[in-house]
Amino acid sequence: MPAPIRLRELIRTIRTARTQAEEREMIQKECAAIRSSFREEDNTYRCRNVAKLLYMHMLGYPAHFGQLECLKLIASQKFTDKRIGYLGAMLLLDERQDVHLLMTNCIKNDLNHSTQYVQGLALCTLGCMGSSEMCRDLAGEVEKLLKTSNSYLRKKAALCAVHVIRKVPELMEMFLPATKNLLNEKNHGVLHTSVVLLTEMCERSPDMLAHFRKVISSSQLVPQLVRILKNLIMSGYSPEHDVSGISDPFLQVRILRLLRILGRNDDDSSEAMNDILAQVATNTETSKNVGNAILYETVLTIMDIKSESGLRVLAINILGRFLLNNDKNIRYVALTSLLKTVQTDHNAVQRHRSTIVDCLKDLDVSIKRRAMELSFALVNGNNVRGMMKELLYFLDSCEPEFKADCASGIFLAAEKYAPSKRWHIDTIMRVLTTAGSYVRDDAVPNLIQLITNSVEMHAYTVQRLYKAILGDYSQQPLVQVASWCIGEYGDLLVSGQCEEEEPIQVTEDEVLDILESVLISNMSASVTRGYALTAIMKLSTRFTCTVNRIKKVVSIYGSSIDVELQQRAVEYNALFKKYDHMRPALLERMPVMEKVTTNGPTEIVQTNGETEPAVLETKPPHSGLQPGSQANDLLDLLGGNDITPVIPTAPTSKPASAGGELLDLLGDLNLTGSPVSAPASQISQPPFLLDGLSSQPLFNDIAAGIPSITAYNKNGLKIDFTFERSNTNPSVTVITIQASNSTELDMTDFVFQAAVPKTFQLQLLSPSSSVIPAFNSGTITQVIKVLNPQKQQLRMRIKLTYNHKGSAMQDLAEVNNFPPQSWQ
Amino acid sequence: MIKFFLMVNKQGQTRLSKYYEHIEIHKRTMLEAEVIKNCLSRSKDQCSFIEYKDFKLVYRQYAALFVVVGINETENEMAVYELIHNFVEVLDKYFSRVSELDVSFLVSESHL
């Protein structure tokens, strides 16, 4: 067999390949040659073959058949063999392969070898890919090497120790005594690695951290580090360690980082460091990148420890200087750190606001993102107008990936700091028109709620919105808000009264034209169409001369393909025909909505379990006609777990119940209320209402034994109520129901629903299951929370549905035997 | 913590790669291709730190070769930037005026 080619030849050959396929061919040929050579157990050329294999591995081809060969190389006595063997082990092996344990013995022998280079190789490999078993076995050897006087070995041993600690944290104490002398070295390599080791120890274990902070011997750790740092800065030019005029910046950075960890939350250490930090901050040259790197680390350290205020101001000024620097990297780094510090040192950062806002116009994407986040953090009552102008301009010109975040940020900021309602509305309109399609869906309900709240601005708002969609109705959120407003305040629009702006002359037909074109347009989403149809319907009471036109439009959509639209249109038609006397009352103006606190996109959506508000509006005629029914129809509708955000525009007569329910994704049926109360006057309200609760604080105590009651016991189904009162909130009663089944067959699909009188509020959590096993062998538990602020007598009506013996059963019952302790 | 250290040329050929965390082989090639794509699309005026998935890339271009280091958020980006330069200077001294060819050919030396 001819001698295998050298690595160089291989590389040269591969470089001549023109296509990927050619390269693969060459490599496969070579792999085959290597494999047959391995089979022949050829000692002389093994090293060469493995080297080639490693190269191919780097290019991305599988090379696992070389692992055993690596082991053989490690075991050989020649240094070149060992070197390639260890390199191969580091690259090809890791703890997932079983083969690696075979290396342990080799490494152990090599750690005690006479040549330091071999020892070094072994340490490197162990530090690179040692598994926890290997580390446990060999930790003792590593520790011994940590104490030798050979600095070449010491630094490698320190890094190996870092790896050992990462893999097996329990061994940390073993290395503790060795660390005492580590910092006394002159050799920077050793210093550097020992600082790394100390950093790792301090990060991993708070005990170690406390230990290092205390006075353990005559020289504490912090003063030692300070001394070393001082020497580095003060010493003159040292050719070994110099990088563009600064000696050993890498070591400086490491020491600063360790100081940061030591000084965090600890006053004494922080005090000891103050001077040196000030010194570093002032003396370091900033003309080169190196100096800036050190300053960056210093600033991070100052911010993290308990430094005095003068130092903090110094740090922020440094960051401000960074911001003005021409180099992009530095500006990026400055913006990142300012973002971290803006919470704590708000005022200081405000000083640099104008520079930050300028960074919004930078070309670089990373910088723009940082600047945007920082700008939002800096908006406050004083600067909101100016900042908003800049941010709106940014929204115009930024990349699409930013627009959603920017729009949400602007909404939040505007909500918190709007100087006047008109300004707020103007800002929102501006956002909707510029970035309309990127606005998040949940912004629409918030906006609508905001608009209803600013009563005096209705005319102005509707006029502006009308003008906005006149030209362009492709941006869905804008169109949704606009159609809702036009539906509500169309009469203001037509009457032409508007104090804030020049009133425009709009006729009813023009308004209907626009709404109809939204309905017809291909660009409108289904949701938008729903909004438009409802708006048209509402206008039937507000407009006087175009009612017939509206009737026509509504009846056309009665046969629309879109089920949602069809349902709405049919119901509205019914309103026109049969319930015309109810129409004005139903379609009255919305009351002012209670403020729904938002937490941004992760808010718990306060919905009523409905997908569209319109469906709710049509419910009242039904429940009005059947006052006895407990909104059971509504409950059926709640079966689906929709959490599409819904405008909380339930036609409620009491603003207090603006909350909806907490939809539990895990529960099958999470009942709560939808404020089903009829709108306005004419329909008498059903005596019991289901009201939703916004999340109540969890109580955590048990009241002294309130007797439990049996609420229902019929047909083999027994339901017990046990009570708990909260000490923190005396008007909350928590009822745990237990449902058991004494018949011979299981009850499946068991659903428990409850209703309470108007003065109470109820929250039903999800049940443990929906099957009650027979013969009382198991129960379903469910928790109900009742809020009883007026301490009235608790009464409850319950409805049970389940399947038993193959047939569906349903029952209604009233529970009146609540013990007085449960509600007093 | 440094996750990986790559030297890739403009055509996407990896000249040197060292991973400090285990990543499967086919994922490595994909990672390298994506990383180089990100770096190539940057202009000269943009900063050298890219946010990629859940870590940061620090890259530096030397003629036709990109040196890319992947770090997580505990590292000081500027210090790593300097480290890259230091590394290249060392290679320069070792090979006396290093070029891409040197890096490709003397893989074993570059590694250790």
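# Briefing: chains A and B

Of the 824 residues of chain A, 55% count as buried. The model is predicted. Its scores are ipTM 0.75 and pTM 0.59. Chain B and chain A bury about 3,600 Å² between them.

**Chain A**
- Chain A contains 34 helices and 11 strands.
- Its contacts with a separation of 6 or more come 69% from residues 24 or more positions apart.

**A:Arg46**
- A:Arg46 lies in helix α3 of chain A, which covers residues 46-59.
- A:Arg46 counts as buried because its relative accessibility is 7%, and the cut-off for buried is under 20%.
- The side chain of A:Arg46 makes a polar contact with the side chain of A:Glu69, at 3.1 Å.
- A:Glu69 is also among the residues in contact with A:Arg46 once neighbours within four places in sequence are left aside.

**Contact between chain B and chain A**
- Chain B brings 36 residues to the contact, and chain A brings 41 residues.
- Of the area buried between the two chains, 59% is on carbon and sulfur atoms.
- The count of salt bridges between chain B and chain A is 0.
- Residue pairs in polar contact between the two chains, with both residues at pLDDT 80 or more, also number 0.
- On the side of chain B that touches chain A, at least two residues each come from β2 (14-19), α1 (25-40), β3 (49-52), α2 (77-95), α3 (100-105) and α4 of chain B.
- α2(B) gives the largest share of that side, with 7 residues.
- By type, the residues on that side of chain B are 14 nonpolar, 12 polar and 10 charged.

**Confidence in chain B**
- The average pLDDT of chain B is 77, and 91% of its residues score at least 70.
- Strand β5 of chain B (residues 65-71) has the highest mean pLDDT among the elements of the chain, at 85.
- Helix α4 of chain B (residues 107-111) has the lowest, at 55.

Note on methods:
Residues are numbered from 1 along each chain as its sequence is written. Chains are lettered from A and ligands numbered from 1 in the order in which they are written. Side-chain values use heavy atoms; hydrogens and water are left out. pLDDT is the predictor's confidence in each residue, from 0 to 100. Helices (H or I, at least four residues) and strands (E, at least two) are DSSP runs, numbered from the N terminus. Contact means heavy atoms within 4.5 Å. Buried area is the accessible area (1.4 Å probe) that two parts lose on being put together, summed over both. A salt bridge is a side-chain nitrogen of Lys or Arg within 4 Å of a carboxyl oxygen of Asp or Glu. A polar contact is a pair of N or O atoms within 3.5 Å; within protein, one must be able to donate a hydrogen and the other to accept it, and residues adjacent in sequence count only if both atoms are side-chain atoms. Ala, Val, Leu, Ile, Met, Phe, Trp, Tyr, Cys and Pro count as nonpolar, Asp, Glu, Lys and Arg as charged, and the others, Gly among them, as polar. Buried means under 20% relative accessible area, exposed over 50%, partly exposed in between (1.4 Å probe, protein chains only).
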